[in-house]
Amino acid sequence: MKYAWPWELSRAGVLNMNKRNISYIGRYNPRKHYKRVDDKLITKQLALANGIAVPDLIGVVKEQHDIEQIPAMVLGKSGFVIKPAKGSGGKGIMVITRVENGRYYKANGNEVTPNEIYRHVSNTLSGLFSLGGKPDVALVEGLIEFDPIFNGVSYEGVPDIRLIVFKGFPVMGMLRCSTAASDGKANLHQGAVGIGLDIATGRSLHAVQFDVPVDKHPDTHFPLSNIQVPHWETLLHTASSAYEMCELGYLGTDMVLDKNRGPLLLELNARPGLTIQIANGKGILPRLKHVESLKGPAMSVEQRVEYAKKHFCDKPLF
């Protein structure tokens with residue numbers, strides 16, 4: 001593994017954690033608005049009120065005695081997802097991709113018993129997966145229908161698109177694709193592949209797994225160069241409009257593509273991670289400073305998207 005001196009990273013425009021926390025999260029994200037993104041139920045309600053599409057909400061489990069209602073909630077569903085409302089980093093998310101005769105199965109074919117589901121939800125309510133370990137509620141959502149355009153790009157899981165939005169401008173993006181190592185979850189720290197995306201076009205630029213460059217998916221061996229994310233304009237506009245929706249200046253937006261419904265907003269993050277820079281093979285700091293330097297009247301969502309596409313475009317590194 002190659003290491004770099006701090007001044008080398010700074011010269012390359014890499015944003016470090018301290019500067020992110022102080023200069024961007026601390027300065028541009030009012031704490032009074034954190035609840036809008038830290039609570040996925042509130043985020044979903046805000047998105048619907050603002051005309052932004054989200055995964056279907058099947059039900060909400062708030063009390064221990066409500067857990068036994070889950071089989072009735074998911075009756076007739078081909079699959080479902082259980083997630084903590086206040087979870088982070090993909091923790092506590094259970095994905096059931098197949099339901100047969102009242103039996104539940106994960107993407108890898110392993111069966112999940114009702115007792116395992118009850119225990120998982122009980123742990124969720126107790127705060128095992130929530131920020132700060134506070135009591136939580138469990139969301140039961142409809143299963144996202146995998147868009148076949150991503151066949152081979154992801155393994156036993158739905159890939160998602162992370163866009164960093166600063167003051168309403170989409171400044172950097174990546175496609176996160178699950179692997180066997182990540183257990184079907186699109187989480188880079190657990191072993192998912194991160195593919196940097198050109199803001200102007202949605203085309204792949206550079207890919208990493210465990211911070212190491214890769215050119216093929218480790219499980220499917222699908223080439224990761226020349227990937228084109230569809231509905232790119234809609235994804236950019238959705239991400240940009242989240243700025244007005246939650247009133248946070250430095251924001252991570254996570255979206256997925258459903259084969260029937262198109263782009264759906266999964267969640268928002270007031271403390272987006274820094275690995276998106278590794279996936280893109282470049283630092284994000286010059287783009288943040290560029291946005292900070294802008295003067296003049298406020299721009300609309302459409303104007304911000306067009307500005308970002310013009311000024312933050314890239315060339316593939318493959």
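A disulfide, for today, is a pair of cysteine sulfur atoms within 2.5 Å. By that rule, the count in this structure comes to 0. Keep in mind that the model is predicted.

Is Cys-177 buried or exposed? Cys-177 has a relative accessible area of 0%, so it is buried. Cys-313 has a relative accessibility of 43%, so it counts as partly exposed.

Next, a pair of helices. Helix H7 covers residues 232–246 and helix H10 covers residues 301–311; their axes come within 9 Å and cross at roughly 120°. Because of that angle, H7 is oblique to H10. The crossing is right-handed.

Which residues make the contact? From H7 they are Glu-233, Leu-236, His-237, Ser-240, Ser-241, Tyr-243 and Glu-244. From H10 they are Val-301, Glu-302, Arg-304, Val-305, Glu-306 and Lys-309. Sorted by class, the contact of H7 with H10 has 6 charged, 4 nonpolar and 3 polar residues.

Last, the backbone. Asn-101 is not a glycine, yet its phi is positive, near 50°. Where is Asn-101 found? Asn-101 sits in the loop between strand E4, residues 98–100, and strand E5, residues 103–105. Its relative accessible area is 80%, so Asn-101 is exposed.

Lys-167 is not a glycine either, and has a positive phi of about 55°. Lys-167 lies in the loop that runs between strand E8, residues 160–166, and strand E9, residues 169–177. With 28% relative accessibility, Lys-167 counts as partly exposed, because that class lies between the cut-offs of 20% and 50%.

Conventions
Residues numbered from 1 in each chain as written. Predicted model: local features only at pLDDT ≥ 70, side-chain atom pairs only at ≥ 80, totals over all residues. Heavy atoms only, no water. Axes fitted to C-alpha atoms, helices over the stretch in contact; angles between N-to-C directions. Helix = DSSP H or I, 4+ residues; strand = E, 2+ residues; numbered from the N terminus. Parallel < 35°, antiparallel > 145°, perpendicular 65-115°, else oblique. Left-handed = near helix turned anticlockwise from the far one by under 90°. Contact = heavy atoms within 4.5 Å. Nonpolar A, V, L, I, M, F, W, Y, C, P; charged D, E, K, R; others polar. Buried < 20%, exposed > 50% of the residue type's maximum accessible area, 1.4 Å probe, protein only.
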